[in-house]
Every structure is written in structure tokens, then in C-alpha cells.
Amino acid sequence: MSTADEKSQPAQPITRFLGHFELSLDDRGRLNLPARFRELLDDVVVIARGKERCLVGYSASEWERISTSLDGLSITNDDNFRALELLYAFSSDEEIDKQGRILLPAYLRQYAEITNEVVVHGLNTRFVIWSKDNWNIEQRVLDKIGPDLVLRLEQHGVRL
């Protein structure tokens, strides 16, 4: 049974990236971010290479959190050096314009095989940008292995 105080409390806004959106780039390679995502972002988005030919978008604060956690890595270790190269050399900080668009740099579009149609979906504290063709491939993989992935989460104590 809830009290009057609990009823008057507004619902907590969702602060995670959720949802699935099919979008198109404009002729300059700009992506109009979903309004729900723009609400969770400041004025800058960091776009980085992801796994399997996709791009990953981070808020400035999430990127800073990740970067801070990497500050102690020694670049004299070859694996560390290469991981940092992948992370920083192939990332770009992009300003969100007044229309809610970000530029996807050509080198990142080329990596992700993005030409025009894209799928953008939430991934908790970040979001992912796929070419429509690559997303269709990824979706078939997810459909096939999804039940096993859910079981693995439960083995780690995550109950859905």
C-alpha cells in the first residue's frame, strides 16, 4: 500500500539509452539523433568504432568515465598500446547541432559500412549505430543465440 507522498512523487526519468530506430543520413553524412537520446546527452557525443562493423555513441560524461579508468594503463605494454590506439585514434567527438544532428566522419562511416540507411539502438549507457545491412546480419545472429545469452546472464546472477 502506498502513501500519499509516494503517489505525489514523479516517476524517475529513464537515464539509459533504450529503443530501436531506423533512420537515414543526410547528404553530408549527418545523423539526426532520436529525441529520446538527445535528452540524455550534452552538447557533444563521442563516436567510436564498435565490434562487428558498428559504431558506438557515448555521452561526454560516459566517455570521460571510461577514459579515466584507462589512465593508469602503461603504453609500454603492446596490448595496452594497441587497445588505446583503437579506442582513441578511431573515435571522434561530435557536436550536436541545433537540429539534433551529429556528423558521422567519413572514416567511421567507411569502417561501419554506412552509406545511408542506419539502425540506431540503445545499449544501456551508450548507443549503437549500424548500417541497415549489417544490422540485419547481427539481428539474425541475435535471434539464433539470444536464448543462450539470457541463460548466461542468469549464471552471473542477473534475473530478467
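Which strands does helix H3 lie across? Helix H3, residues 60-70, lies across strands S3, S4, S5 and S8. Against S4, the helix runs at about 100°. Keep that crossing in mind as we walk through this predicted model.

Start with the whole chain. The protein has 160 residues, and 33% of them count as buried. Its C-alpha atoms fill a box of roughly 55 × 40 × 35 Å along the principal axes. The accessible surface comes to about 10900 Å². Carbon and sulfur atoms hold 50% of that surface.

Next, the elements. There are 6 helices and 8 strands. Read from the N terminus, they follow the pattern α-β-β-α-β-β-α-α-β-β-α-β-β-α. Take the contacts with a separation of 6 or more: 61% of them join residues 24 or more positions apart.

Now look at the sheet. It is open, and 6 strands build it in the order S1-S7-S8-S4-S3-S5. The pairing is antiparallel. Strands S1 (20-24) and S5 (91-95) stand at the edges. Each has a single partner strand, so one side of each is left without a neighbour in the sheet. Neighbouring strands are turned by 25° against each other on average, direction ignored.

Follow the pairings one by one. Move on to S4 (55-59). S4 and S8 run antiparallel and are joined by 4 bridges. Here Gly-57 has Phe-127 of S8 as its bridge partner. S3 and S4 also run antiparallel, with 5 bridges between them. S3 and S4 form a hairpin with 5 residues between the strands. Within this hairpin, Glu-52 takes a positive phi near 60°.

Is S4 enclosed or open to the outside? A residue is called buried when its relative accessible area is under 20%. In S4, 5 of the 5 residues are buried, so the strand is largely enclosed by the rest of the structure. Both of its faces are covered. Leu-55, Gly-57 and Ser-59 are buried on one side, Val-56 and Tyr-58 on the other.

Ile-114 is another buried residue, at 6% relative accessibility. It sits in the loop between helix H5 (106-111) and S7. Which residues does Ile-114 touch, beyond those up to four places away in sequence? They are Leu-25, Leu-55, Leu-104, Arg-109, Ile-129, Trp-130 and Ser-131. Leu-55 belongs to the covered strand S4. For contrast in position, take Gln-139: it is 25 residues from Ile-114 in sequence, and the two C-alpha atoms are 16 Å apart.

Charged side chains come next. The structure holds 6 salt bridges. One joins Glu-62 and Arg-126, with the closest N and O atoms 3.0 Å apart. Glu-62 is in helix H3 and Arg-126 in strand S8, so this pair links parts of the chain 64 residues apart. Glu-62 is buried, with a relative accessible area of 10%. Arg-126 is partly exposed, at 23%.

Arg-101 lies in strand S6 and Asp-26 in the loop between S1 and S2, so the pair ties together parts that are 75 residues apart in sequence. Arg-101 also meets Asp-97, at 2.8 Å from N to O. Asp-26 is partly exposed at 22%. Asp-97 is partly exposed as well, at 24%. A network of salt bridges links Asp-26, Arg-30, Asp-97 and Arg-101.

Finish at the surface. Which residues form a nonpolar patch there? They are Ile-137, Val-141, Leu-142, Ile-145 and Leu-149. Together they have about 350 Å² of accessible area. Leu-149 belongs to helix H6, residues 132-155. At 31% relative accessibility, Leu-149 counts as partly exposed.

Conventions
Residues are numbered from 1 along each chain as its sequence is written. This is a predicted model: local features need pLDDT of at least 70, side-chain atom pairs count only at pLDDT 80 or more; totals for chains, interfaces and linings use all residues. Side-chain values use heavy atoms; hydrogens and water are left out. Patches are made of residues with over 30% relative accessible area and no salt bridge: like charges are joined within 9 Å, nonpolar side chains (Val, Leu, Ile, Met, Phe, Trp, Tyr) within 5 Å. Accessible areas come from the Shrake-Rupley method with a 1.4 Å probe; for residues, only the protein chains shown count as cover. A salt bridge is a side-chain nitrogen of Lys or Arg within 4 Å of a carboxyl oxygen of Asp or Glu. Helices (H or I, at least four residues) and strands (E, at least two) are DSSP runs, numbered from the N terminus. Buried means under 20% relative accessible area, exposed over 50%, partly exposed in between (1.4 Å probe, protein chains only). Two strands pair if DSSP finds at least two bridges between them. Axes are lines fitted to C-alpha atoms, for helices over the stretch in contact, and angles run from 0 to 180 degrees between N-to-C directions. Contact means heavy atoms within 4.5 Å.
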